[in-house]
Amino acid sequence: MIIERLEDGAVTILRLDGDIDEQGIDELRMSLMGCIHDQRCNVVINLTEVKFVSYMGVGVLVERLRQMRAYGGDMKLVGVNLYTERLFRMVGVTKVFKTFATESVAVQE
């Protein structure tokens, strides 16, 4: 997985390219921990180029979201595909994440 990190004011944007599978989970976990360590707890994750998210990947997202909210931050998702949307429904986390169509809208909200 390739993760590009950008800063837009107080918001950190992570653009993911690849699957959030066994290998991608560790990279995602480390990138999100890096944001928390840098006190950049308002994060937008762009999933446009992600075709697959594992159950464990959802767990990592939820775990890091809780940590970010504990520090007064938030995590927003962009470009959630139909597969991931269905997975979120099955796991019961659709109301946990705020999803947006574009990065610019997510950053402004």
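Q: How many bridges join strand 3 to strand 4, and in which sense do these strands run?

A: Strands, like helices, are DSSP runs numbered from the N terminus, with at least two residues (E) for a strand and at least four (H or I) for a helix. Two strands count as paired if DSSP finds at least two bridges between them. In this predicted model, local features need pLDDT of at least 70 and side-chain atom pairs count only at pLDDT 80 or more, while totals for chains, interfaces and linings use all residues. Residues are numbered from 1 along each chain as its sequence is written, and side-chain values use heavy atoms, with hydrogens and water left out. Here, strand 3 and strand 4 run parallel and are joined by five bridges. Within this pairing, Val44 stands opposite Lys76 of strand 4.

Q: Which strand pairs with strand 4 over three bridges?

A: Strand 5 (residues 98-100) does so, in the parallel sense. Lys98 is the bridge partner of Lys76 in strand 5.

Q: What unit do strand 3, helix 2 and strand 4 make?

A: A crossover is called right-handed if, with the strands pointing away from the viewer, the path from the first strand over the helix to the second runs clockwise. Strand 3, helix 2 (residues 55-70) and strand 4 make a right-handed β-α-β unit. Strand 4, helix 3 (residues 82-91) and strand 5 also make a right-handed β-α-β unit.

Q: Why is strand 4 described as largely enclosed by the rest of the structure?

A: Buried means under 20% relative accessible area, exposed means over 50%, and partly exposed lies in between (1.4 Å probe, protein chains only). Strand 4 (residues 74-78) is largely enclosed because five of its five residues are buried. In a regular strand the side chains alternate between the two faces of the sheet. In strand 4, Asp74, Lys76 and Val78 point one way, whereas Met75 and Leu77 point the other way.

Q: How many salt bridges does the count give?

A: Side chains of opposite charge can pair when their charged atoms come close. A salt bridge is a side-chain nitrogen of Lys or Arg within 4 Å of a carboxyl oxygen of Asp or Glu. The count comes to 10 salt bridges. One of them joins Arg15 to Glu103, with the closest N and O atoms 2.8 Å apart. This pair links distant parts of the chain, as Arg15 in strand 2 and Glu103 in helix 4 (residues 103-108) are 88 residues apart.

Q: Are Arg15 and Glu103 buried or partly exposed?

A: Arg15 is partly exposed at 33% relative accessible area, whereas Glu103 is buried at 15%.
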